[in-house]
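Have the viewer open and follow along.

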Amino acid sequence: MSSSAAAAAWSLCFSSSSSLDNARHRIMRSPRFQVRCAVAEPMKKKKVWKQGEYPGDVSSFDRHQRRTPIKNIKKKLDRKSNLNPWVNTVTQALSEAIDTKHWLTALEIFKMLKEQPFYQPKEGSYLKLIVLVGRCGQPQHARNLFNSMIEEGLEPTAQIYTALLAAYCRSNLIDEAFKVLEQMKKLPLCQPDVYTFSILIKACVETMERWYEKFRNFGIEPETRTFNILIGAYGKKKMYDKMSTVMEYMRKLSFPWTTSTYNNVIEAFSDVGDAKNMEYTFDQMRAEGMRADTKTFCCLIRGYANAGLFHKVISMVELAGKLEIPENTSFHNAVLYACAKADDLIEMERVYRRMKDKQQCRADATTFAIMIEAYKKEGMNDKVFDLEQEQEQEQETILKVTPAFIS
């Protein structure tokens with residue numbers, strides 16, 4: 001295929017209704033999550049920790065007195081009526097900040113929310129925030145949130161502890177992660193489980209065998225998800241022999257290979273642009289009747305882009321449309337990545353515009369990072385400036401939720 005023909009095919013594919021736009025009317029639009037909050041009721045009685053029992057460190061937190069709950073029923077109903085619009089708005093803004101991975105914005109909104117009289121601490125909110133800051137490489141903020149949660153009288157759960165442990169693992173603070181593990185083992189209701197094990201395996205892949213035996217001694221048996229995470233971890237380290245060994249071990253123990261199993265293998269080859277092995281794995285996946293999902297195609301698109309096989313990128317986008325694969329933010333990011341790799345900035349802009357037209361496809365930090373890097377490479381500083389401004393405006397939009405009556 002000549003370079004002009006390839007360019008024409010590239011543009012035609014991504015611009016045609018049979019590609020990204022073809023499946024638009026088939027994709028169900030997820031309704032916006034609405035959180036209903038009521039007026040603050042009397043606070044739960046704070047847990048009184050015995051000496052040596054307290055699981056957190058709250059030395060850096062001030063103790064604030066909660067406002068006395070309104071006892072008059074009429075006043076309470078009036079107050080509820082007045083506050084509900086604000087409650088729904090601020091909780092929606094917090095949810096959007098978390099969904100778009102704007103961790104600093106989310107913390108600012110949460111701080112503002114905690115200052116309101118209707119605020120009640122909830123484990124779910126803390127869990128989402130700890131997971132968010134952990135994924136964004138902010139383990140100290142994860143610890144601060146954990147301590148704040150305990151200060152507000154919430155008892156830690158295994159899920160909360162595991163989220164904190166994951167935050168340390170993502171920042172390669174393995175010693176701190178194992179300190180959290182030791183805390184969990186001392187609390188009867190917070191014992192480590194398979195998911196805890198999986199996170200530690202991913203972080204300690206080189207010493208996996210030793211920790212695997214330790215967890216089995218704890219009475220925790222592996223499951224398919226554990227092996228899938230292990231395969232992914234070996235793939236990231238380019239330890240393909242061990243990745244293959246784990247897959248053979250799964251077969252031996254009658255653990256089925258799943259879509260996630262194949263996705264982890266495809267992703268391992270995708271990262272290094274090994275199109276041959278990536279393609280072979282995908283063909284085997286389809287031969288076994290395994291259904292591909294959005295992640296499968298994200299990996300394939302990035303893999304072919306890394307290999308410089310842009311005509312196959314086009315084929316994967318077309319196939320995703322035929323199979324009615326949901327084209328979410330991650331999918332568009334993969335296509336944007338391929339456009340940037342091909343130095344096709346015009347098509348990259350077209351894909352980005354179509355992405356913004358879809359309500360379920362909000363640009364995230366990855367979206368902006370891909371495009372800003374592509375424009376910097378070409379010395380298009382005006383485009384870089386425009387995107388940076390757009391990214392800032394999106395964060396400001398999420399923050400602009402405070403009604404005039406809130407001081």
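## Ground rules

This is a predicted model, so to speak in its own terms: local features need pLDDT of at least 70, side-chain atom pairs count only at pLDDT 80 or more, and totals for chains, interfaces and linings use all residues. Residues are numbered from 1 along each chain as its sequence is written, and side-chain values use heavy atoms, with hydrogens and water left out.

Two terms turn up all the way through. Helices (H or I, at least four residues) and strands (E, at least two) are DSSP runs, numbered from the N terminus. Buried stands for under 20% relative accessible area, exposed for over 50%, and partly exposed for what lies in between (1.4 Å probe, protein chains only).

Start with H8, which spans residues 194–203. Of its 10 residues, 7 are buried, so this helix is largely enclosed by the rest of the structure. The buried ones are Val 194, Thr 196, Phe 197, Ser 198, Ile 199, Leu 200 and Ile 201. At the start of H8, Asp 193 puts a side-chain oxygen within 3.1 Å of the backbone nitrogen of Tyr 195. That's a polar contact (a pair of N or O atoms within 3.5 Å; within protein, one must be able to donate a hydrogen and the other to accept it, and residues adjacent in sequence count only if both atoms are side-chain atoms).

Pro 192 sits in the loop between helix H7 (174–186) and H8. With a relative accessible area of 11%, Pro 192 is buried.

Which residues gather in a patch of positive charge on the surface? They are Lys 101, Arg 135, Arg 170 and Lys 202. The patch rule takes residues with over 30% relative accessible area and no salt bridge, joining like charges within 9 Å and nonpolar side chains (Val, Leu, Ile, Met, Phe, Trp, Tyr) within 5 Å.

Arg 135 belongs to helix H4 (residues 123–135) and, at 56% relative accessibility, counts as exposed. Gly 124 is in helix H4 too, partly exposed with a relative accessible area of 38%. From C-alpha to C-alpha, Gly 124 and Gln 159 are 9.9 Å apart in space and 35 residues apart in sequence.

## Salt bridges

Side chains of opposite charge can pair when their charged atoms come close. The rule here asks for a side-chain nitrogen of Lys or Arg within 4 Å of a carboxyl oxygen of Asp or Glu, and the count comes to 15 salt bridges. One of them joins Arg 362 and Glu 96 (4.0 Å, N to O). Arg 362 is in the loop between helix H17 (345–357) and helix H18 (365–377), while Glu 96 is in helix H2 (residues 73–99), so the pair ties together parts that are 266 residues apart in sequence. Arg 362 is partly exposed at 34% relative accessibility, whereas Glu 96 is buried at 17%.

Glu 327 and Lys 358 pair up as well, with their closest N and O atoms 3.2 Å apart. Glu 327 lies in the loop between helix H15 (310–322) and helix H16 (329–341), and Lys 358 in the loop between H17 and H18, so this bridge ties together parts 31 residues apart in sequence. Are these two partners buried or exposed? Glu 327 is buried at 1% relative accessibility, and Lys 358 is buried with a relative accessible area of 4%. Elsewhere, salt bridges that share partners join Lys 236, Glu 267, Asp 271 and Lys 295 into one network.

Within helix H7, Lys 179 and Glu 176 are 3 residues apart, about one turn of the helix. Their salt bridge has its closest N and O atoms 3.3 Å apart, and Glu 176 is partly exposed at 29% relative accessibility.

Asn 264 is in helix H12 (residues 259–271) and counts as buried at 12% relative accessibility. Its side chain reaches the backbone oxygen of Asn 228 at 2.7 Å.

Asn 172 is in the loop between helix H6 (158–170) and H7, exposed with a relative accessible area of 58%. Asp 343 also has a positive phi near 60°; Asp 343 lies in the loop between H16 and H17 and is partly exposed, with a relative accessible area of 43%.

Note on methods
Accessible areas come from the Shrake-Rupley method with a 1.4 Å probe; for residues, only the protein chains shown count as cover. Lys and Arg count as positive and Asp and Glu as negative; His and the chain ends are not counted. The place of a charge is taken as NZ of Lys, CZ of Arg, CG of Asp or CD of Glu.
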